[in-house]
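Hi,

Here is the structure I promised to pass on to you. Have a look at it first, then read on for what turned up.

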Amino acid sequence: LESLFLTGATQEAHHIRTGEDLTEDKPWEMVSKQAILEEIQFKGAISDFHPVKAKLQKYAPDTVLIIWDVEEEYGNNFLVAVTERARDDRLEVYRAEEAKKEAEAA
């Protein structure tokens, strides 16, 4: 996982606005890798995603897990899963939390 600061404009462009698209109950979203790479190509070094460009280019899947780091535990407002293992590990945690909530509600 890589910690990044994503501006409001970047959040809006990728439909990951904190408190709107992402909530404390569901702080993650899968985002098009192609859309992120196109933004990096267009904006260059000023793209919020530029620091992870090389890792995203090596990342095979078409979608990237973006996580709102609500408490900024890692120093910025978002985490980006730049490996399949990081993505799968985080998704497993989120799915387990969802299953637990569903079981408690039943």
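To start with, is Asp25 buried or exposed? Asp25 counts as exposed, because its relative accessibility is 63%. The cut-offs are these: buried means under 20% relative accessible area, exposed means over 50%, and partly exposed is in between, with a 1.4 Å probe and protein chains only. The areas themselves come from the Shrake-Rupley method with a 1.4 Å probe, and for residues only the protein chains shown count as cover.

A word on the ground rules. This is a predicted model, in which local features need pLDDT of at least 70 and side-chain atom pairs count only at pLDDT 80 or more, while totals for chains, interfaces and linings use all residues. Residues are numbered from 1 along each chain as its sequence is written, and side-chain values use heavy atoms, with hydrogens and water left out.

Now the salt bridges. The structure holds 8 of them, where a salt bridge is a side-chain nitrogen of Lys or Arg within 4 Å of a carboxyl oxygen of Asp or Glu. Asp25 is in one, with Lys101 as its partner, and the closest N and O atoms are 3.8 Å apart. This pair links distant parts of the chain: Asp25 sits in the loop between helix 1 (8-13) and strand 2 (28-32), Lys101 sits in helix 4, and the two are 76 residues apart. Helices (H or I, at least four residues) and strands (E, at least two) are DSSP runs, numbered from the N terminus. Lys101 counts as partly exposed, at 42% relative accessibility.

Another salt bridge joins the side chains of Glu2 and Lys55, at 2.5 Å from N to O. Here too the pair links distant parts of the chain, with Glu2 in strand 1 (residues 2-4) and Lys55 in helix 3 (residues 53-58), 53 residues apart. Glu2 is partly exposed at 25% relative accessibility, and Lys55 is partly exposed at 40%.

What about helix 4? Glu84 and Arg87 meet there in a salt bridge (3.9 Å, N to O). Both lie in helix 4, 3 residues apart, which is about one turn of the helix. Glu84 is partly exposed, with a relative accessible area of 39%, but Arg87 is buried, because its value is 14%.

Then look at Thr83, in the loop between strand 4 and helix 4 (84-105). A polar atom of the Thr83 side chain lies 3.0 Å from the backbone nitrogen of Ala86. Thr83 is partly exposed, at 39% relative accessibility.

Last, which residues form a negative surface patch? They are Glu24, Glu71, Glu72 and Glu73. Patches are made of residues with over 30% relative accessible area and no salt bridge: like charges are joined within 9 Å, nonpolar side chains (Val, Leu, Ile, Met, Phe, Trp, Tyr) within 5 Å. Glu73 lies in the loop between strand 3 (63-68) and strand 4 (78-80) and is exposed, at 64%.

Cheers

Terms used: Lys, Arg positive; Asp, Glu negative; His and termini not counted. Charge placed at Lys NZ, Arg CZ, Asp CG, Glu CD. Polar contact = N/O pair within 3.5 Å; in protein donor to acceptor, adjacent residues only side chain to side chain.
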